[in-house]
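Hi everyone, thanks for coming. Let me put the structure up on the screen, and then we can walk through it together.

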Amino acid sequence: MPEPGEATELRAALLRLRRTSGLPVVFGGLLSDTRRATIAELSGAQTPALRGLVIAPGSGLGGKAIALSRPCAVTDYPSSRHISHEYDRAVAAEGLRSVVAVPVVVRRAVRGVLYGALREPLTLGDRTFDAAASAARDVEQALAVRDEVQQLLAATREQATDPGTGPGTWEDVREAHRELRALAPKIVDASLREELLAVCGRLASAAGADRGPATGLVRLAPREVDVIACVASGATNAATAERLGLRPETVKSYLRSAMRKLGAHTRLEAVVSARRAGLLP
């Protein structure tokens with residue numbers, strides 16, 4: 001079963017596919033540990049026939065797309081000789097004829113499949129294929145970000161509670177903190193985003209406890225902390241902008257604001273003050 005955040009991202013991508021392609025029916029699902037996809041999200045369907053279908057690699061149009069790891073399409077699903085027909089009953093119940101299936105591929109592994117369909121046997125054009133590919137890329141990027149977040153969370157949970165004092169340990173903690181904060185705005189799943197930011201807070205708190213009590217009460221906006229974290233890693237304004245997906249002018253604005261609040265006159269002073277305030281590890 002997909003996690004709640006993954007379902008939200010899949011649903012949003014399917015709605016964009018329906019809007020941009022003009023296809024009346026779109027649906028899809030993510031693969032489970034058994035490498036089978038379960039159709040869990042639908043838009044425009046008139047019956048429940050497709051919901052819950054389990055798509056095995058090589059079976060039907062979607063299974064073919066999963067097995068080949070590339071988009072596949074048929075002009076008339078019921079009569080196509082290029083696919084197997086295990087799912088004909090459900091497809092017929094929904095009245096689908098022309099169908100495209102696009103795999104969701106993350107780091108060369110198929111993680112899901114998206115479908116778009118017409119109820120007439122018409123040839124699908126480039127606009128449809130482009131829209132389907134774009135929707136799949138949206139899901140791919142969202143899953144890749146989630147994967148990276150989960151890996152970073154797993155690697156930093158122990159450090160957040162017992163970061164240790166070995167050589168290089170604090171630099172690892174600081175790099176993990178910066179990467180997690182940079183990823184946070186990209187997370188659709190609110191619960192995962194909150195967990196991520198909570199871990200960032202524990203990392204900073206653990207470092208503050210190691211250094212002693214925080215000095216003063218300084219409140220920075222989340223993006224100001226993100227910018228200072230990048231600055232602390234030695235990043236230039238241009239590199240910070242690229243990492244955070246911001247314009248260089250916006251980075252400068254956040255940096256100026258953060259420095260003013262921290263009472264700092266240089267970038268180094270800002271980083272030192274932020275660490276003393278318990279905002280950075």
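Let's begin with helix H9, whose buried residues pack against helix H7 (222-232), helix H8 (237-244) and helix H10 (267-276). Before I go further, please keep in mind that this is a predicted model.

So which residues of H9 are buried? They are Val251, Leu255, Ser257, Ala258, Met259 and Leu262. If you're wondering about the spacing, here is a handy rule: an α-helix has 3.6 residues a turn, so residues three or four places apart point the same way. H9 itself covers residues 248-262, which makes 15 residues. From first C-alpha to last, H9 reaches 21 Å, close to the 21 Å expected at 1.5 Å a residue. Just after H9 comes glycine 263, with a positive phi of about 65 degrees.

Let's zoom in on one pair of strands. E1 (residues 25-30) and E7 (residues 109-118) run antiparallel and are joined by 6 bridges. For instance, leucine 30 has glycine 112 in E7 as its bridge partner.

How many aromatic pairs does a search of the whole structure find? The search finds 1. The partners are phenylalanine 27 and tyrosine 115: their ring centres are 4.4 Å apart and their planes are at 10 degrees, so the pair counts as stacked. Phenylalanine 27 lies in E1 and tyrosine 115 in E7, so the pair ties together parts that are 88 residues apart in sequence. Both residues are buried.

We meet both of them again in the largest nonpolar core, which has 26 residues. Phe27, Leu61, Tyr77, Leu96, Val99 and Tyr115 are the ones that touch the most other members. At least two core residues come from each of E1, helix H2 (60-68), E5, helix H3 (88-94), strand E6 (98-106) and E7. E7 gives the largest share, 4 residues.

And that brings us back to where we began. There is a second, separate core of 23 residues, and among its members are Ala229, Cys230, Val251 and Ala258.

Conventions. Residues numbered from 1 in each chain as written. Predicted model: local features only at pLDDT ≥ 70, side-chain atom pairs only at ≥ 80, totals over all residues. Heavy atoms only, no water. Expected span 1.5 Å × (residues − 1). Buried < 20%, exposed > 50% of the residue type's maximum accessible area, 1.4 Å probe, protein only. Contact = heavy atoms within 4.5 Å. Pairing = 2+ DSSP bridges. Phe/Tyr/Trp six-rings, centres within 6.5 Å; stacked < 30°, edge-to-face > 60°. Core = buried A, V, L, I, M, F, W, Y, C linked by side-chain atoms within 4.5 Å.
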